Amino acid sequence: MSARPKVPTQGPKPPFWRDPAKRALVFQLLLVAGVAAFLLTIIGNTQANLAARGITTGFGFLNDTAGFGIVQTLIDYSSQSTYGRTFVVGLLNTLLVGGLGVLAATIVGFIVGIARLSPNWLISRLANGYIEIFRNIPLLLQIFFWYFAVLRAMPSARDSMSFGEVIFLNVRGLYLPQPLFESGFGLIPLAFVVAIVASIALTIWNKRRHEATGKRLPAGWISLALIVGLPLGVLVVTGVPVTWEVPELRGFNFRGGITVIPEFLALWLALSIYTASFIAEIVRSGIQAISHGQTEAAQALSLPQGLVLRLVVIPQALRVIIPPLTSQYLNLIKNSSLATAIGYPDLVSVFAGTTLNQTGQAIEVIAMTMAVYLTISLLVSMFMNWFNARVALVER
Amino acid sequence: MSYKNNKLVMLTSVAALVLGASATTQAATLDDTRERGVVQCGVSDGLPGFSAPDDQGEWQGIDVEVCRAVAAAVFGDAEAVRYVPLNAVERFTALQSGEVDVLSRNTTWTTTRDTTLGLNFAGVTFYDGQGFMVSKDLGVSSVEELDGAAICIQAGTTTELNVADYFRAHDMQFDPIVFDTSEQTVGGFEAGRCDVLTSDTSQLAALRIQLSDPDNAMILPEVISKEPLGPVVRQGDDQWFNIVKWSLFAMLNAEELGISSDNVDEMLNSENPNVARLLGQDSNFGEGMGLSADWAYNIISQVGNYAEIYDRNVGMDSPLQIERGINELWNNGGIQYAPPVR
Amino acid sequence: MIHNRTMIEARPAPSGTIGPIAWLRANLFSGPINSIFTLLGLYLLYVLLMPTIQWALINADWIGTSREDCSRTGACWVFINARIGQFIYGLYPGSEIWRVNLTFVTFAALIAWLAIPRLPFKHWVAAVALLGFPLFAYFLLYGGHFGLDVVETHRWGGLMLTLVLAVVGMVAALPIGVLLALGRRSHMPIVKSFCVVFIEFWRGVPLITVLFMASVMLPLFMPTGVSVDRLVRALIGITLFQSAYMAEVVRGGLQAIPRGQEEAAAALGMNYWKRMGLIVLPQALKMMIPGIVNTFISLFKDTTLVMIIGLFDLLGIVQAALSDSRWLGFSLEGYIFAGLMFWIFCFSMSRYSQYLERKLHTGHKR
């Protein structure tokens, strides 16, 4: 340990087991040897077991035909596709529910967290009730609740709930109209991109102008109007090169349009609601961590309440909020693996479930699955560290 | 410097030593089983008629009877079994790793399982095929009319593959709704999550009686696959393989020779040389398997012949009411055929 | 010079600032926007609560033994009544249930002793709870000694299994977590990187894959012929997973102790283990208790995942009971019961941890 003071040099040289540096070296070598021995034993055992039982190994199975169907695929997939493709399908489904879950959880979490601090007693109590109820019940139970108790109570396909005859909800899922793009549609994403770039430019310009002159435009609203309005405007001007495919009941099920399967709905709802209760607590404590002096000083400058929040409290609170927020995002993505309990075809369900079972190659499949989650974890925490560093730069 | 890693090192090396030392040569399953005093038998985690615990928590079903037969052959005591309920995902690993000695869990005999998983199928307890169950409200009378249907399937089974093949071959579309357990599958069907429930026809019969309104569900006539279900053992232990295989054959031969649990004691005096050989009266066929001469007598007196276990668990004396059909003996129009004891 | 030596009577506050009306005005109707929010909130409460109370209490059936006793429109709590034994004890044999009860009572007594601040001999009780109790519980629950029949682990289930998984996972993970946290702060590069990799690995993967690994792969790692009970396999997985989270809690506690403490101890000539064991850890442990309780809460909730590998914890057994053909269609009741059980445990623990946090942080907070 470096904290230990140096031994005086005079006198007989101490025996090597009293020399910290040498002792450290010996211990570390022993540790390496121990870990290596442990790993080698395990590898040896596994190889012996696999050989003794005649189990096939290697990643060759990834090129074999999978032979089973998957209900929700973001890329082309049929039962003739390979096991390797089931991996990609599962991964994309995991990312889909993870991404949308992060989005919804953040929005709900911030709203509830701020409501928790509302001066309105009732609103604050309601927010508190939400937090205390949802974060103290296991996520798996909540998933079951949404899936087996709520979505199972929906009407059958023939008596679907209908919203304006274009959106349908029944026990098989949520059916949305799907936009079908015609030629000339490319302009709309272009307009979208232009609007986003313009908004960013506007925000930067507005900030500079604000710092220089003290005048500011409501840049947020203008940006929103741009991002929504510009693509819509282009849509109208170019004569709407898009038609909507409305789902309709044909045979057993609704056909056409976009189908959101109930497994997805249940998982997404449960993940978002559960994680939002944690995010709300993080937001609350983040805002509360800002010293009252900050708020009072801002009020003394007669900033309106909205600007006190936007310019003084939230930028500082974000520094406190972001690190725990990151780990909640990671938790959400990891928790999406509970999909397997209700059969949403995510990575664990499709790949570590069905594929593992059909091929029997447990080690390869589990290792690949774990590697994916590790990579996602590392990427998200790297991104968040970068973001964190940027936010922290504001500090003097 | 710290002693902390010293501890770690000690722990890991001790662990390595323990593991290393115990990695002895593979002992014969029969010896292990004898030493333990019970047969460890992997069964399904709840499928009425095949293996499910009854109200008292006792395991019942035709798969369970196979375990009991093996125990009767080995120990002369059909109750010397420890049941390990396994789900579809765990079942092969549990057998490969030695957690169970025999897997009797309505498992279909396929090439992959027989060759690349290191398993051996010891025989067929039940010849089955995949069928479809629909609600009568749907107004469907054939699988051909199921284009576009949502189908509930249990994950990791051969049925998952068969249904994909069948629909592709007939150029039809379907939505696979996959569940982990048979309970969830039937729950999904009941709630209307899917139009069709597919599984082995015997399982469909078992699942149908679990519905709240069994009369409203019907099983379609088509059978789209071959599903020979039987007990499985690890590769590499021929003696144990033989014991399981012949425990099953003993029950089939007993039915063929007219020996049942009721008359087995009278049959000990039978003039029929086939009966005498099976019951170990004038020869010892148990010896070749490391068993006693009365191995088959123990099976028949304590468990029964094939007809008895069939009727009791899945046949006419059970709630499932499945006809013998192809599971009749070969001389009765079925395909159950056991090699002779000779 | 003082004219009047008597104090003036305290006058009541102005009537506009006290009383229920003023409270309402200040807290619920302080402005037009706030009033709208209040009304919306009231409406939301009404919409959510009224049908729930109607269903769960007023129109519910409470007494009976079978499905036929549930004739009313509300909830059928008869279902829970009929199954309560299974939900708590799993398939534990009826004649042996006293063993589970005795374990529960002992456990509750130990925890209560530790949680109530005034009671003495905390250290001894803690030592008993951490070292003696697990052995006691093992002999009592599993049996096989002292004339008790063996109860195989596959008969364990329900709330009992949930508690066993959570408590054992916690007790086993704590020492490993402490070692990992110390290792992560170590100056020896190999020890440090080993601990970092170990911690980050287990924190980066979902518990469910860990459980899959424990149930499907662990048997392949073992020497031929060695088989491990599936409950023990799940426990190994949970412990490894939990120890990584515990290590981070411990690290947080260690970081809160000023370096001077360790340096002062070093100056007195203490070696590493004495410095840690006598100076740093006892102080850090106190700081860590809220974190440990919070980790325990999440572990307690995470134990529900074992049902995916085929163990019947509280949620698993409720889920299994729901598919009983005699009791189909009562999933809402089942989930609400399980949810309530988990909620009571988790909520009281989180309240306790908040109380501790307030007790430990006596800073100037507004």
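Start inside: the largest nonpolar core has 272 residues, and the ones with the most contacts inside it are A:Ile143, A:Leu267, B:Cys67, B:Val70 and C:Leu211. Here, a nonpolar core means a set of buried Ala, Val, Leu, Ile, Met, Phe, Trp, Tyr and Cys residues joined through C-beta atoms within 7 Å. Buried means 20 or more other C-beta atoms within 10 Å of the residue's own, with C-beta atoms placed from the backbone.

A bit of housekeeping: this is a predicted model, where local features need pLDDT of at least 70 and side-chain atom pairs count only at pLDDT 80 or more, while totals for chains, interfaces and linings use all residues. Residues are numbered from 1 along each chain as its sequence is written, and chains are lettered from A and ligands numbered from 1 in the order in which they are written.

Now select B:Cys67. Leaving aside neighbours within four places in sequence, B:Cys67 is in contact (C-beta atoms within 7 Å) with residues including B:Val39, B:Val81 and B:Tyr83.

Zoom out to chain B. Chain B has 13 helices and 13 strands, counted as DSSP runs (helices H or I, at least four residues; strands E, at least two). Of its 342 residues, 56% are buried.

Last stop, chain A: select 365-387, one of the spans that an unreviewed UniProt entry annotates as "transmembrane region"; such annotations may be inferred rather than shown by experiment. Residues 365-387 are 100% helix, with end C-alpha atoms 33 Å apart.

Notes: A residue is buried if 20 or more other C-beta atoms lie within 10 Å of its own, exposed if 12 or fewer, and partly exposed in between; C-beta atoms are placed from the backbone. Two residues are in contact if their C-beta atoms, placed from the backbone, lie within 7 Å.
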